[in-house]
Amino acid sequence: MERSAAVALTISTLAALGLAAVYIAGGQPQAEGVLLALCLGGIGVALGLWGKDIGGSHREPGAEPAVVTAERPELPSDAGPRADVAASLDRGGRALGRHDRRRFLGRFFATAAGALGLAALFPLRSLGPAPGGALRHTAWREGSRATVDGRPVRAADLAVGSVLTVFPGDDTSEDSATVLIRVDPDRLDLPAGREGWAPDGLVAYSKICTHVGCPVGLYQETTNELLCPCHQSTFDVLRGARPVSGPATRSLPQLPITIDDEGFVVAQSDYEEPIGAGFWNRERRP
Amino acid sequence: MLIRPVLRWLDDRVGGAPFFSKALNRVFPDHWSFMLGEIVLYCFIVLVATGTYLGFFFEPSGREVVYDGSFAPLQGVEMSAAYRSALDLSFDVRAGLVMRQIHHWAALVFVATMVVHLARVFLTGGYRKPRDLNWVVGVTLLVLAIVNGFLGYSLLDDLLSGTGVRVANAILLAVPFLGPDLAFGLFGGEFPTEDLVPRFYILHVLVVPAIIVGLLSVHLALVWRQKHTQFAGEGRTETNLVGERLWPAYAMKAGSLFFLTVAMLAALGGLAQINPIWAYGPFRSGLATTAVTSASQPDWYMGWLDGALRLMPAWELRTEWFTLPNPFFGGVLVPSLFFGLLYAYPFLEARWTHDRHRHNLLQRPRDNPGRTGIGAAVASFYLVLFLAGSNDVLAGVFEVAPESITALFRVLVIVLPAAAFALTRRLCRELQASGLRPIAEPGGPRPQPEPEPEDPRGGVRR
Amino acid sequence: MTARRAALVLVLVVLGTTAQLSASGSAGGPPTALVAEGADLYAVACTSCHGADGEGVEGRGPSLAQAGAASADFYLSSGRMPMDDPQGQTQRKPPAYAPEEIDALVAFVATLGEGPAIPDTDPQDGDLPTGQQLYTANCAACHNSAGSGGALGQSIYAPAVTDATLLQVAEATRIGPGAMPAFGPGTLDDEEVASIQRYVGYLKDPRDPGGAPLGRLGPVPEGAVAWLVGVGSLLVVARWLGAHR
């Protein structure tokens, strides 16, 4: 045992020196990890070998065996000490006074403590603004130009089958991320009331998935479907991005767009419903 | 040696020799499966040590900066200061990358060994009275470890972890009534915000670790006070302890385990690349403002949550006045039910079996077929959820559609636990009947005389 | 010969030569011999699915009128065409034709319509960080941050871009093969395509300073290693140190 442990400790010492050398030489992650492992492992092996040897058959005379037996006292206290505790509580209670006025005072304390507890919760409100209408609006407005990296997008830039991620003007806030796709206009079958939202087969949908908010970045041209890579929700682009597969339960909101006089793609208004993941009062119109 | 003079010096000031003498002689049952909890503790020590080192270099700020370090593909790219500091640590600080990797591997192994430790305690009945209290502490530690791991890898503000935070935001939003307020309160506004990183940082390095240290101390103090359980067997009873003394045997072995655990984590940290944030890119930057990578998964201990989200069919409760969004079921309901049952289990089992006695002896898994069956069912449930969370990776490996994998797992998540339960219970019964490796007759010193029946503490049972 | 007559002859010669050049294909087009060879190869292998004049055959192959040289070169050089089974997604396999034959077929298909020409972008002209950004924004969602591809919905999968040549990367970007969207010059200009090519070039041999890359599949193999190597080795250590009953 002594020999093996000594070998392990020697390896450990050498590894420590090696570690210092590697560090001075500029460092190298694999070498650092392996040398550190050898350094620590050598000590660990030596300790383990010695520890397992304790109390073995070649122990010194007078040394006890490895495995011994001891008493395990009962956990619950004896009746005496328990009674002492009860008596001390009684003593304290008598000192505090038991009559009605004192008991009534206790209720005042309780009320004050409760009020303090409630008041102490109020600073939590400063952690964040009240949601208000923030979840219901994005930065898109009537006339907002669809841009990529600050450059406005011309309708002519997109051929059938092209897809772009666009934002309103210079505002790149996450909730305004929009997917702009050109499809064959004859195959579009949008829900009622969206006439004029998709000029020449150019459709725009929110890029934020209505399941848990991942960007719906995959456009499958052959099936005209937008696929979310996180949990595979699939949306039918030709039919108002309604969910056809996966855990999403609501269509991707559609952005009403048009083409302005200079040929740029602009929005007609903000999205008409909250984008992204759902929340408890989403359907309530404010 | 130095030890005795030092001890004398301390005792002159603090006293406590009686306690110390009892401690040195304390007997610890030495079965190998009792060392699992220790491994968890050692992983935690590594996390704190490496984490402190990382804290000297990490900049917990969501402020937008431009990268100017040595990783060429990201030169001149906009990113948060947090992400940049992580890149600098990985490429331009000596031993920075290996420290980061050891920290992350330690986190994965920390939660993994915690689960194995929990499984050992569960399968042997170690959670029964009086250790039901410690079980509650332990389950809380598991929840905190998972939460802290999520907060930790989300701090780096890279594309992969940022996608995970999106999901967390949506799960918070799905909480009835309080959802939007919780989400806005945590992030300081509508996700994503610049406040995200500093808040996660304070939670990850201070608040949650402080609670973990406190609860861990309670956990260990309870084990010290109640003394460890032991398996039934030769010479072992409910009222004795058979094992090794703290000094020197137990201490040597504990020390050995500590060094070997850290050595293993160091080896992983140097040899196996983990979380290569430079390959994902920052969460948001100039041209890639709202991006995502396919095959996005969270770290393994969150995988079951992602799997639950993927498996849940497209149900949603939607009326004019109230919506219960789809992520609620997988993201809020399933974890609440699961952890609720986990917390309550010792008390439920005690009720079910009408068992109000204290137990210091452990059962072998085969000795309680029903419980072991439940354990197998839970393990297989978790396994299906975890696999479901990687359904797109599996679909790529097996060259089938992800929808097929999801459909299969929707069936398996019900069928497999039921089958596992029945099969395991049967197996346990057969093992018992076969007489394979029987417990040797419990011998040793006679137990104390039975106390009076009126004694409120109850009797001693094997 | 008078000066006026000489000028008339000169004009006629110039007109005649121009007429000759135009007759051999699109302005400054490939030699007629190459196109003819391509036509012969096409007639043997491609008409059954794509029609004698590239007009397409219902249920078997699409029209090649919009294909252009870029599509032809992409599909042929990656072995995706000819396809064994017209249903389903095309698969990369060893090319069925030698490079000269591919050039001939490409020349022929280019004459069938007005599709995109083979991109002549040079990856070295591209900017690596810009390529990283563009790749992350436009490609990673399907092809994954490491370029290893991924399963999308319904048996469609995005192949590993690291298997492709950089020219094929540029061609695919422009034509949008199969389910992939097309990124024309209006969406990504030549410089941006060059940058993406350069970044894909990096992805073929990325830096892995942390050690074994574990398949570059992210947290899934990392979790597997944590359990198998991490927990596994520690269980062995515990069994070595502790008692067994």
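**Domains and interfaces**

Guide: This is a predicted model. In chain C, the domain assignment gives domain 1 (14–110) and domain 2 (123–208).

Visitor: How do you know how far apart the centres of domain 1 and domain 2 of chain C are?
Guide: Taken over C-alpha atoms, the two centres are separated by 24 Å.

Visitor: What makes domain 1 and domain 2 of chain C count as in contact?
Guide: Contact means heavy atoms within 4.5 Å. Domain 1 of chain C gives 12 residues to the contact and domain 2 of chain C gives 13 residues.

Visitor: What area do these two domains of chain C bury between them?
Guide: About 970 Å², with 48% of it on carbon and sulfur atoms. C:Phe74, C:Gln89 and C:Arg92 supply 53% of the area that domain 1 of chain C buries against domain 2 of chain C, more than any other three residues.

Visitor: How many salt bridges does the rule find across the interface of domain 1 and domain 2 of chain C?
Guide: The rule asks for a side-chain nitrogen of Lys or Arg within 4 Å of a carboxyl oxygen of Asp or Glu, so the count here is 0. Polar contact is counted for 6 residue pairs between these domains, both residues at pLDDT 80 or more.

Visitor: What do chain B and chain C bury between them?
Guide: About 4900 Å², 65% of it on carbon and sulfur atoms.

Visitor: Which helix gives the most to the side of chain B that touches chain C?
Guide: α10(B), with 10 residues.

Methods. Residues are numbered from 1 along each chain as its sequence is written. Chains are lettered from A and ligands numbered from 1 in the order in which they are written. This is a predicted model: local features need pLDDT of at least 70, side-chain atom pairs count only at pLDDT 80 or more; totals for chains, interfaces and linings use all residues. Side-chain values use heavy atoms; hydrogens and water are left out. Buried area is the accessible area (1.4 Å probe) that two parts lose on being put together, summed over both. Helices (H or I, at least four residues) and strands (E, at least two) are DSSP runs, numbered from the N terminus. Domain bounds come from an automatic or database domain assignment. A polar contact is a pair of N or O atoms within 3.5 Å; within protein, one must be able to donate a hydrogen and the other to accept it, and residues adjacent in sequence count only if both atoms are side-chain atoms.
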